[in-house]
Amino acid sequence: MQRANLSTVSEFVLVGLSDAPEVRFLLFVLFLIIYLATMASNTTILFAISTDAHLHNPMYFFLGNLSLLDILCPTITVLKMLEALLLENKVISFTGCMLQLFFLIDVVGTEIFLLAVMAYDRYVAICHPLQYVNIMSMRLCAHLAIGTWVVGFFNSLLHTSLVFTLFFCDSNEVDQYYCDIPPMLALSCSPTYNRELVILTVAGVLGSSAFVVTLVSYVYILLAILCMNSSESRHKAFSTCGSHLTVVCLFYGTTICTYVRPSSTYSPHQDRIVSMLYGILTPLLNPMIYSLRNKEVKCALRRVISQVRTAL
C-alpha cells in the first residue's frame, strides 16, 4: 500500500549555486571564464598532440584522451549551471537528469582507469626503457584506451540504473548544481541501503584496483629513479612523473571525498565545494600542470601558436 501511494517526479529542480541571487551574475561570469579557459587549453593540447609529430607516442596519446575527458566533464555539468545562473532555469527533466548523471559517472570512471594506464606507461618507460617501444605498441595503447572507455561506460550504466530505479517523491529539489549520485540518493524516498552497498562495493573494487596499479607503478618508478646515476636523468624522470602524480592526487582526493561514503554523511555545502574541485577546477588545472612542467608540450604549443599566427 505504501509503495502504491508513492508518486515519482517528472522533473527536478537544481538548487545548487543559483539560490544566491545577489551574486548570481558574478558567479555566471566567473564560471563562464573558467569554462572557456578549460575548453581553450584542452582543445589546444588536443590539437598540438594530433598535429605535432614529436608528440606521436603513447604518453601523449593517453594525455590526449585525458584532455578529451577534461573537455567532456565540465561540459556535462557547467553548461546547465550557467543556464540556471543566467536565466534562472533550474528545472531539468527526469530523463535529462538521468543522462547527466550517466555521462558524468562515465567520464569520472574512465578517467580513473586512464590515470592507471598512464601510470603503467610511465613505469614501462622508466623501468624498462629498452623494451618500451616493443611493449607499449600503438596497438596495445589503442586497446588500453578503448578498455578504459568501455569499463567506464558499463560502470556508469550500473550506477545510473541503481539510482534512477529508486522512487522520488515529496521533494524534487536537488541540492547541487547538477545531478550526481549523493544528492539523488539523499533525495529518494525509497530505502537506499542495498543499492548504496552495491554502488560502494563496485566503485571500491574498480577504484581500488586502478589505484593499486597506479600506486605500485609509482613505487617502482621511484625506486628506479633513486637508482639512476645521472642527476639530469633523475630530474627529467621526476619532472615527467611529477605532473602525472599531481593530477592523480587532485583527482583521487576529490572523487574519494565525493563518492566513497554513505549517503547519511552527505553534506550539500561541502559537496558543492568538492564537486567544483574535480568537476570545474581539475579539468582547468590538468593542461596547465602538463604544459608548464613538460618541455615537449611547451615546444609543441609554441609551434601551434606560431602556425595560427602565420595562418592569420
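# A guided tour of the chain

From the N terminus on, the elements of the chain follow the order α-β-α-α-β-α-α-α-β-α-α-α-α-α, which comes to eleven helices and three strands. Helices (H or I, at least four residues) and strands (E, at least two) are DSSP runs, numbered from the N terminus. What you have open is a predicted model, in which local features need pLDDT of at least 70 and side-chain atom pairs count only at pLDDT 80 or more, while totals for chains, interfaces and linings use all residues. Residues are numbered from 1 along each chain as its sequence is written, and side-chain values use heavy atoms, with hydrogens and water left out.

## The whole chain

Begin with everything selected: of the 312 residues of the chain, 48% count as buried, where buried means under 20% relative accessible area, exposed over 50% and partly exposed in between, with a 1.4 Å probe and protein chains only. Among contacts (heavy atoms within 4.5 Å) between residues at least 6 apart in sequence, 80% join residues at least 24 apart.

## The sheet

Next select residues 11-14, which form strand 1, together with the edge strands, strand 2 (91-93) and strand 3 (173-174), each of which pairs on one side only. They make an open sheet of three strands in the order 2-1-3, with mixed pairing; two strands pair if DSSP finds at least two bridges between them. Strands of a sheet pair through backbone hydrogen bonds, either parallel or antiparallel. Here strand 1 and strand 2 are antiparallel, paired over three bridges, and Glu11 stands opposite Ser93 in strand 2. Strand 1 and strand 3, by contrast, run parallel and are joined by two bridges, with Val13 opposite Glu173 in strand 3.

## The aromatic cluster

Which residues do ring pairs link into a cluster? Select Phe12, Phe94, Phe164 and Phe168 to see them. The structure holds 13 aromatic pairs, counted when rings of Phe, Tyr and Trp (its six-membered ring) have centres within 6.5 Å; planes under 30 degrees apart count as stacked, over 60 as edge-to-face and the rest as tilted.

Look at Phe94 and Phe164, whose ring centres are 5.3 Å apart with planes at 85°, so the pair is edge-to-face. Because Phe94 lies in helix 4 and Phe164 in helix 6 (residues 138-164), this pair ties together parts that are 70 residues apart in sequence. Phe164 is buried, with a relative accessible area of 9%.

Then turn to Phe94 and Phe168, where the centres lie 6.4 Å apart and the planes stand at 70°, so this pair is edge-to-face as well. It links distant parts of the chain, with Phe94 in helix 4 and Phe168 in the loop between helix 6 and strand 3, 74 residues apart. Phe168 counts as buried, at 0% relative accessibility.

Is Thr77 buried or exposed? Select this residue in helix 3 (residues 58-87): at 1% relative accessibility, Thr77 counts as buried. A polar atom of its side chain lies 3.4 Å from the backbone oxygen of Cys73. Not counting residues up to four places away in sequence, Thr77 touches Gln100, Leu104, Tyr177, Tyr178 and Gly279.

Go on to Thr214, which has its place in helix 8 (residues 193-226) and is buried, with a relative accessible area of 3%. Here the backbone oxygen of Ala210 is 2.9 Å from a polar atom of the Thr214 side chain. With residues up to four places away in sequence again left out, Thr214 touches Leu115, Ala116, Ala119, Val248 and Tyr252.

## Annotated spans

Finally, the unreviewed UniProt entry gives the annotation "transmembrane region" to several spans, including residues 140-168 and 197-225; its positions are given in the numbering used here, feature names are shortened, and annotations may be inferred rather than shown by experiment. Select residues 140-168, a span that is 86% helix and 0% strand, with its end C-alpha atoms 44 Å apart. In residues 197-225, which are 100% helix and 0% strand, the end C-alpha atoms lie 41 Å apart.

Definitions and conventions:
Polar contact = N/O pair within 3.5 Å; in protein donor to acceptor, adjacent residues only side chain to side chain.
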